[in-house]
Amino acid sequence: MEQVLFDYTRQGGAGLSCTAQAWAKTPAPLNPSQKQALKARAAELLKAKNAVLVAHFYVDGDLQDLALETGGCVSDSLEMARFGRDHEASTLVVAGVRFMGESAKILSPEKRVLMPDLDATCSLDLGCPADQFAAFCDAHPDRTVVVYANTSAAVKARADWMVTSSCALEIVSALKAEGKKILWAPDRHLGRYIEEQTGADMLMWAGDCIVHNEFKGLELQLLREQHPEAKILVHPESPQSVVALADVVGSTSALIKAVVEGEAQEYIVATDNGILHRMRQLAPTKTLIEAPTAGSSATCKSCAHCPWMAMNGLQGLVDCLERGLPEIEIDEATRVKALGCIERMLDFTAKSKAAAAGLVPGIGAA
Ligand code: SF4
C-alpha cells in the first residue's frame, strides 16, 4: 500500500479544530422539566416553520427521540442525505456535524438547512484541507478520486465519488472490477479496511477520526476474555488491531442491525457511544458494553464520544429554529461540482440489491 502522510492534526490551535473548544461549547445537562419544555417548544417550531429534524445516531438521545417523534429521522450519514433530499419540508435542521449539513444543502439547494452550531465539525474534515487535497489529486491524475462523506463541500467538488461506510466496500469493489486505481481520502483506517477487503489499488490520505482512533486492540482483547460470549461490533474507522477482533465490521446502521438481529445476549461496541441510545431502544433486552479507549497509549481526547457531535443540544435546536440561523451556505459553483459525486453514490446505492436488502425498518440502510 502506498501511503501519503500529511500533518493534518491541528488540535492545539486556537481555532475550531481544538477539541477543548468543542467540549467547552457542549450544552449543560438539563433536568427532566427543562427537557420536556424544550422538546415541546422545538416540536412546535418545527411544525410552524415547515421544518424537519434529521439527526445522526451519535447525537444526544433527546434529539434522536425528538426527531423520531416529529416525523424526522435518526440514521447514518447516507440515510440522512437521502431523507433530507426526499422530504417535503422547506427547512432541514441537521443535528450532527457540519459536513452532514453541507451534504443536505448540496442535495437540496432550494431548502434552508439549519444546524444548532456550525462549529460542530469532524477531525476527518479538518484533516483534509481542500487546497492540499487538490494538489494531491493533481499529482495523481490517473486515479479515480473517492472521498468519504466526512469531507467539506470543496473536497467533494474535487471527487469522482463520495461514499459512506454503508456503501464504500461495494462501490470500491465495482470500481476495481472496472480496472480503476483509487485515490482515497481522508480516513486511513477505513481506507485500509476497504483495501484489504477488495484488493483494490488505493493511494491513501492519512486522516483519522479522533473517536475511533482511540479504541485499543489489546484492551479489547482483555475485555473479550472477561466476556467470552459477547460479540464484538466495530466501526471500520477503528485501527486495524481493533477491526481484527471484530465479529461484525460495519457502518452505524449495520452495527445496530447486528444487535437487533443477533442471537447473542452481550455486545461490545467499538464506535461513538452515542449509538447506544438507539441500540437500547431497539434491543432493550441485550447487554451493551463500550469498547475500551483507555490504556497506556490513550490520549483520551474523545473517550468514545465525539466532542463535535456533543455540541448539539435541545437549547441550540430551539435557538436555531427561532432565529432561522445559523444556516449552511455553499457557493453555487462548488455545490454543483460536489453534487456529482454524491448523486453518483445515491444512484449506485438505489440500484444496489445489497443495499436494498440491507434496509431495516426504523434503522436505515445497513
Ligand atoms: S465521530 Fe469521528 S468521524 Fe464522526 S464526526 Fe466525530 S470526529 Fe468525525
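Residues are numbered from 1 along each chain as its sequence is written. In this predicted model, local features require pLDDT of at least 70 and side-chain atom pairs count only at pLDDT 80 or more, whereas totals for chains, interfaces and linings use all residues.

The chain contains 17 helices and 12 strands, assigned as DSSP runs (helices: H or I, at least four residues; strands: E, at least two) and numbered from the N terminus. Of its 366 residues, 49% count as buried, a residue being buried if 20 or more other C-beta atoms, placed from the backbone, lie within 10 Å of its own. Among contacts in the chain with a separation of 6 or more, 66% join residues 24 or more positions apart; a contact requires C-beta atoms, placed from the backbone, within 7 Å.

An open sheet is formed by 4 strands in the order β2-β1-β3-β4, with parallel pairing; two strands pair if DSSP finds at least two bridges between them. Strands β2 and β4 (112-114) are the edges, each pairing on one side only. Neighbouring strands of this sheet are turned by 20° against each other on average, direction ignored, with axes fitted as lines to C-alpha atoms (for helices, over the stretch in contact) and angles running from 0 to 180 degrees between N-to-C directions. The parallel strands β1 and β3 are joined by 5 bridges, and Val54 stands opposite Val94 in β3.

Helix α4 packs on the sheet, where it touches β1, β2 and β3, and its direction makes about 150° with that of β2. Within α4 (residues 77-86), the buried positions are Ser77, Leu78, Glu79, Met80, Ala81 and Gly84. Their cover includes β1 (51-56), β2 (73-75), β3 (91-95), α5 (98-107), α13 (252-261) and α16 (332-351).

Helices α5 and α16 pack at an angle of about 95°, their axes lying 9 Å apart. The two helices are therefore roughly perpendicular, a class that spans 65 to 115 degrees. Ser103, Ile106 and Leu107 of α5 meet Arg335, Ala338, Leu339 and Ile342 of α16 in this contact. By class, the contact has 5 nonpolar, 1 polar and 1 charged residues, where Ala, Val, Leu, Ile, Met, Phe, Trp, Tyr, Cys and Pro count as nonpolar, Asp, Glu, Lys and Arg as charged, and the others, Gly among them, as polar.

Around the ligand are 13 residues, of which Cys122, Ser123, Cys209, Val211 and Cys306 come nearest; a residue is near if its C-beta atom, placed from the backbone, lies within 6 Å of the molecule. This shell divides into 10 nonpolar, 2 polar and 1 charged residues.

Conventions: Buried ≥ 20, exposed ≤ 12 C-beta atoms within 10 Å, placed from the backbone. Contact = placed C-beta atoms within 7 Å. Parallel < 35°, antiparallel > 145°, perpendicular 65-115°, else oblique.
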